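Please consult the sequence and the structure shown here while reading.

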Amino acid sequence: MTWSSIIFAGIITYFTRMTMVALVDRDLLGERIKAVLAYVPSAVFPAIIFPGIFITDGAFIEMNDPKIFGAIVAILVGYFSRNVIATILSGLFSYWIIIFLL
Amino acid sequence: MFTKKQLLIKGLLSVAPHMFSVIPFGIVCGAIGIELGFSPILVYAMSIIIFGGASQIVFLQLLSGGASTLIAVTSVGVINSRHLLYGAVLSEYLEKLSFIKKLLISYLVVDQGFAESNKFFQKNKNEPYLHYHLLGSGGTLWIFWQLSTLAGIILGSFVPEELGLKFAVPLTFIAIVVQDLKKLDHVIVMITCGLSSLLFFDAPFKSYIIISPLIALFVAALVLRLKK
């Protein structure tokens, strides 16, 4: 039962990846939609970022949660360094410093 | 003009820094599956069959929590429906590929690979072999996802929960969008999406992950209209 549901979930997931690439003719999309699609990264990734910071185990965090500090450090470091590794590590380490040292 | 090999390597290098987040998250993902009492083969098979981090965790958590398989499968579908948006963006650059190649490369469309390859595509629209960049980015993510979930399955409970490794996930996406904070229209779209995701977090089937991008894209359309 679990196996068949995994395979089913896999097929559905594959269709989410494949449908727009292989099945839908891009000419069907109008110019206005294409212009809006340029915002997809900015419109999608905050839905992963915000809950990843502000929600822990289904509940809102406190305002002094170390994740907020880590995120602010990561945003500042990322903005000025333009470096992905520096962004991730600065966020993680500043988060760990608060958890383990303070 | 770049050769196929150069594009493949560029794709690989573009996602390499994200491994600092992909590997910890993969380990957590594998470890959670074992912790919840699922068989190692089953937990690992998901990395090949589903190949979508967050949805794999949610699937196992729902099943172990006693939810029906219908609910678990639906949730995976809803969480991964964001790929439809990635596909719509990428289709412009993959248009010329044969149908078979489109079917094959689609399997490798994932968040970070989409994000980095899309950035490259926007600057190099006229390259003939653009899909090799996606092959490089998606392929690299695939390999490291397999290895890291496998490591998590083997390490299992040795991964200390206090490390909060899941926090690497929002950080990797901050790195992707942070330069767009320079553009007011993008900031508006990002904040709309972020606040919507918190507002709709408890909506059924984790649907906040597709509801909030759709709201944000609607706002993007309004912004575009105002800019004219």
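The centres of domain 1 of chain B and domain 2 of chain B, taken over C-alpha atoms, are separated by 23 Å. Domain 1 covers 4-165 of chain B and domain 2 covers 183-228, the bounds coming from an automatic or database domain assignment. Eight residues from domain 1 of chain B and six residues from domain 2 of chain B form the contact, which requires C-beta atoms, placed from the backbone, within 7 Å. On the domain 1 side, α5 (69-80) and α6 (82-94) of chain B each give two or more residues; α5(B) gives the most, with four residues.

This is a predicted model, in which local features need pLDDT of at least 70, side-chain atom pairs count only at pLDDT 80 or more, and totals for chains, interfaces and linings use all residues. Residues are numbered from 1 along each chain as its sequence is written, while chains are lettered from A and ligands numbered from 1 in the order in which they are written.

Helices are DSSP runs of H or I with at least four residues, and strands are runs of E with at least two, numbered from the N terminus. In α11(B), the buried residues include B:H186, B:V189 and B:M190; buried denotes 20 or more other C-beta atoms within 10 Å of a residue's own, with C-beta atoms placed from the backbone. The buried residues of α11(B) pack against α3 (40-44) and α4 (46-54) of chain A, together with α10 (168-177) and α12 (208-227) of chain B.

Chain A comprises six helices and two strands, and buried residues make up 40% of its 102 residues.

Terms used. Buried ≥ 20, exposed ≤ 12 C-beta atoms within 10 Å, placed from the backbone. Contact = placed C-beta atoms within 7 Å.
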